[in-house]
Amino acid sequence: MTKKPITLFPHTYTTKRDLERILIHFAPLTIYQPWFMEGPIPGSEQADVSLVRVQPPPEGLRPDENFVRLLSEYQLWMSQNRDKGYATFLRATSEKVPSDDTPWEIRQMLQKMGRDSHDLSQENTLKWHLTLHLARQLEENRTEVQEGLERLKRQDSPLAGAIEDGASSKSLFQDLPSEETYPFVEKHHIRQVLEAWFGLFGGYPADHETLLTLSRPVMDYVTEMFEDRDLTLSRDSGKLTPKESDSGQVEVISKDLPALSDNKNERKDPILSHLSGKTIILLREQGIG
């Protein structure tokens, strides 16, 4: 496959391993990042970052410095409530008026967010930034879990050498499912992440731009949005032979999304409108997800 420009979607960072795999097949790579977010490429000294462009939202969508304090407050709350932190926040921000089931601390933060903003558009900007910051934290946490699981799978079984010849001595962890086989987040969570991404960066991607996701649930969600339309499988779909630093065979699923008409009813959904006419690609290791 000939290399071509591509935009990471809706991720705001990438691991060194994924970055190397992406740049083998696509370049240059654009990564959109909210304001006040750390660099998108851990261990970037090992990668050809000259092929990566990091783009923040327009200056007019930049929150004031109080956002950093608000983000820190929520991250602290989430670390103390790991069983419900991220999902609870996304559910609360999707409601015009947080319900009584919403934890008091989140209601207070959302109210503070409204007080700190001068109008609805500024309040939306704050929510979009907060959503993507926390989505990144969730992705990083899941990446750590997946990497830990892979390390366990590579270990020999503690019973190796103590069992009879001919019996299986593979790692006890080999049969554990990959983290990628589980949903990234529920569908309404994916929608909020996409709304936040397009809310901050929707003015950038040009028509017919190619979007790259590393998440099967995101690919499935986008595909389902266009399922009643003329969705076509791109000629670029298929398996790619390992090259250079690739750790295994890579599969590309590429879909050309149909263009919507200019009819206002067709473009009521902002996500559909932004995705109209674009190509979305899922890049994954063969056998994962």
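Welcome! Start by selecting Thr 210, a residue of strand 4. What you have open is a predicted model. Is Thr 210 buried or exposed? Thr 210 is buried, because its relative accessible area is 11%, below the 20% cut-off used for that word. Now show what surrounds this residue: leaving aside residues up to four places away in sequence, Thr 210 is in contact with Lys 4, Pro 5, Ile 6, Thr 7, Thr 279 and Ile 281.

Next, select helix 7, residues 216–225. How many of its ten residues are buried? Seven are, which leaves this helix mostly covered. Colour them in if you like: Pro 217, Val 218, Met 219, Tyr 221, Val 222, Thr 223 and Met 225. To see what they pack against, display helix 6 (187–201), strand 4 (210–213), strand 7 (250–256), helix 8 (270–275) and strand 8 (279–285). Strand 4 is where you began, with Thr 210.

Keep Val 222 in view and move to the largest nonpolar core, a set of 27 residues. Which members touch the most others? They are Phe 9, Leu 194, Trp 197, Val 222, Phe 226, Leu 275 and Ile 280. At least two residues of this core come from each of helix 5 (120–154), helix 6, helix 7, helix 8 and strand 8. Helix 6 gives the largest share, with eight residues.

For a closer look, click on Leu 275. Again setting aside residues up to four places away in sequence, Leu 275 touches Phe 9, Phe 198, Leu 211, Val 222, Phe 226 and Leu 257. There is also a second, separate core of 17 residues, and among its members are Leu 23, Ala 27, Leu 29 and Val 250.

Now turn to the rings. The whole structure holds eight aromatic pairs. Select Tyr 32 and Phe 201 to find one that is stacked, with 5.1 Å from centre to centre and 20° between the planes. Tyr 32 belongs to strand 2 (residues 29–32) and Phe 201 to helix 6, so this pair ties together parts that are 169 residues apart in sequence. Both partners are hidden from the surface: Tyr 32 is buried, at 2% relative accessible area, and Phe 201 is buried too, at 0%.

For the last stop, select Trp 35 and Arg 62. What sits over the ring of Trp 35? The charged end of Arg 62 does, 4.3 Å from the ring's centre.

Technical notes. Residues numbered from 1 in each chain as written. Predicted model: local features only at pLDDT ≥ 70, side-chain atom pairs only at ≥ 80, totals over all residues. Heavy atoms only, no water. Buried < 20%, exposed > 50% of the residue type's maximum accessible area, 1.4 Å probe, protein only. Helix = DSSP H or I, 4+ residues; strand = E, 2+ residues; numbered from the N terminus. Contact = heavy atoms within 4.5 Å. Core = buried A, V, L, I, M, F, W, Y, C linked by side-chain atoms within 4.5 Å. Phe/Tyr/Trp six-rings, centres within 6.5 Å; stacked < 30°, edge-to-face > 60°. Lys NZ or Arg CZ within 6 Å of the ring centre and 35° of its normal.
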